Amino acid sequence: QVQLVESGGGLVQPGGSLRLSCAASRSIRGIYMGWYRQAPGKQRELVADISSGGWTNYADSVKGRFTISRDNAKNTMYLQMNSLKPEDTAVYFCNAPQNLGYFGSWGQGTQVTVSS
């Protein structure tokens, strides 16, 4: 019943943009949230996170290109991805890094493929 639903992924050309959404089934207010990605054969990595107050951090690989945001009233988090590169290709997930069980389980993720 408790779930996370990621959406907005797709196939884009290098240099293109996508906006991912993360819809949560319970309140995200007061919860530290983050976006992760996982490519085949690689570890799941945290690429961006945002505190309950809106403070943000980014992995060096995406800094300056991705923007994380949240709308607590809508229980939704976003990841704006610009200047996409082939190495950004992965399945993207959202969760609460400091409480991974808060939403019950990981969502299905949304596939992002960057290719010409």
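A residue is called buried here when its relative accessible area is under 20%, exposed when that area is over 50%, and partly exposed in between. The model is a predicted one. By this criterion tyrosine 102 is buried, as is phenylalanine 103. These two residues also form an aromatic pair, with 4.8 Å from centre to centre and 85 degrees between the planes, which is edge-to-face. Tyrosine 102 has a charged neighbour as well: arginine 26 lies over the face of its ring, at 3.9 Å from the ring centre.

The search of the whole structure for aromatic pairs finds 3. Another of them joins phenylalanine 93 and tryptophan 106; their ring centres are 6.0 Å apart and their planes stand at 80 degrees, so this pair is edge-to-face. The pair links distant parts of the chain, since phenylalanine 93 is in strand E9 and tryptophan 106, 13 residues away, is in the loop between E9 and strand E10 (110-114). Phenylalanine 93 has a relative accessibility of 9% and therefore counts as buried. Tryptophan 106 is at 29%, so it counts as partly exposed. Together with Tyr36, the residues Phe93 and Trp106 form one aromatic cluster. Arginine 44 lies over the face of tryptophan 106, with 3.9 Å to the ring centre.

Asparagine 95 brings several of these residues together. Its place is in strand E9, which covers residues 90-95. Asparagine 95 has a relative accessible area of 0%, so it is buried. Leaving aside residues up to four places away in sequence, asparagine 95 touches Leu4, Tyr32, Met33, Gly34, Tyr36, Leu100, Phe103 and Trp106.

The loop between E9 and E10 also holds glycine 104. Glycine 104 has a relative accessible area of 55% and is therefore exposed. In sequence, glycine 104 is 103 residues from glutamine 1, yet their C-alpha atoms are 8.0 Å apart in space.

In soluble globular proteins, nonpolar side chains tend to be buried together. The largest nonpolar core in this model has 30 residues, and those with the most contacts inside it are Met33, Trp35, Met77, Leu79, Met81, Tyr92 and Phe103. Two or more residues come from each of strand E3 (18-24), strand E4 (33-38), strand E5 (45-50), E7, E8, E9 and E10. The most comes from E3, with 4 residues.

Now to the strands themselves. Strands of a sheet pair through backbone hydrogen bonds, either parallel or antiparallel. Here 4 strands form an open sheet with antiparallel pairing, in the order E1-E3-E8-E7. Strand E1 (4-7) and strand E7 (66-71) are at the edges with a single partner strand each, so one side of each has no neighbour in the sheet. On average, and with direction ignored, neighbouring strands of this sheet are turned by 15 degrees against each other. E7 pairs with strand E8 (residues 76-81) in the antiparallel sense over 6 bridges. Aspartate 71 has threonine 76 in E8 as its bridge partner.

E10 has pairings with two other strands. With E9 the pairing is antiparallel, over 3 bridges, and the bridge partner of valine 91 in E10 is glutamine 111. Strand E2 (residues 10-12) runs parallel to E10 and is joined to it by 3 bridges; here leucine 11 has threonine 113 as its bridge partner.

Valine 62 is an example of a buried residue in a loop. It is found between strand E6 (56-58) and E7. Its relative accessibility is 0%, so valine 62 counts as buried. Apart from residues up to four places away in sequence, valine 62 touches Arg37, Val47 and Asp88. The C-alpha atoms of valine 62 and asparagine 82 are separated by 9.3 Å, and the two residues are 20 residues apart along the chain.

Technical notes:
Residues numbered from 1 in each chain as written. Predicted model: local features only at pLDDT ≥ 70, side-chain atom pairs only at ≥ 80, totals over all residues. Heavy atoms only, no water. Buried < 20%, exposed > 50% of the residue type's maximum accessible area, 1.4 Å probe, protein only. Contact = heavy atoms within 4.5 Å. Pairing = 2+ DSSP bridges. Axes fitted to C-alpha atoms, helices over the stretch in contact; angles between N-to-C directions. Phe/Tyr/Trp six-rings, centres within 6.5 Å; stacked < 30°, edge-to-face > 60°. Lys NZ or Arg CZ within 6 Å of the ring centre and 35° of its normal. Core = buried A, V, L, I, M, F, W, Y, C linked by side-chain atoms within 4.5 Å.
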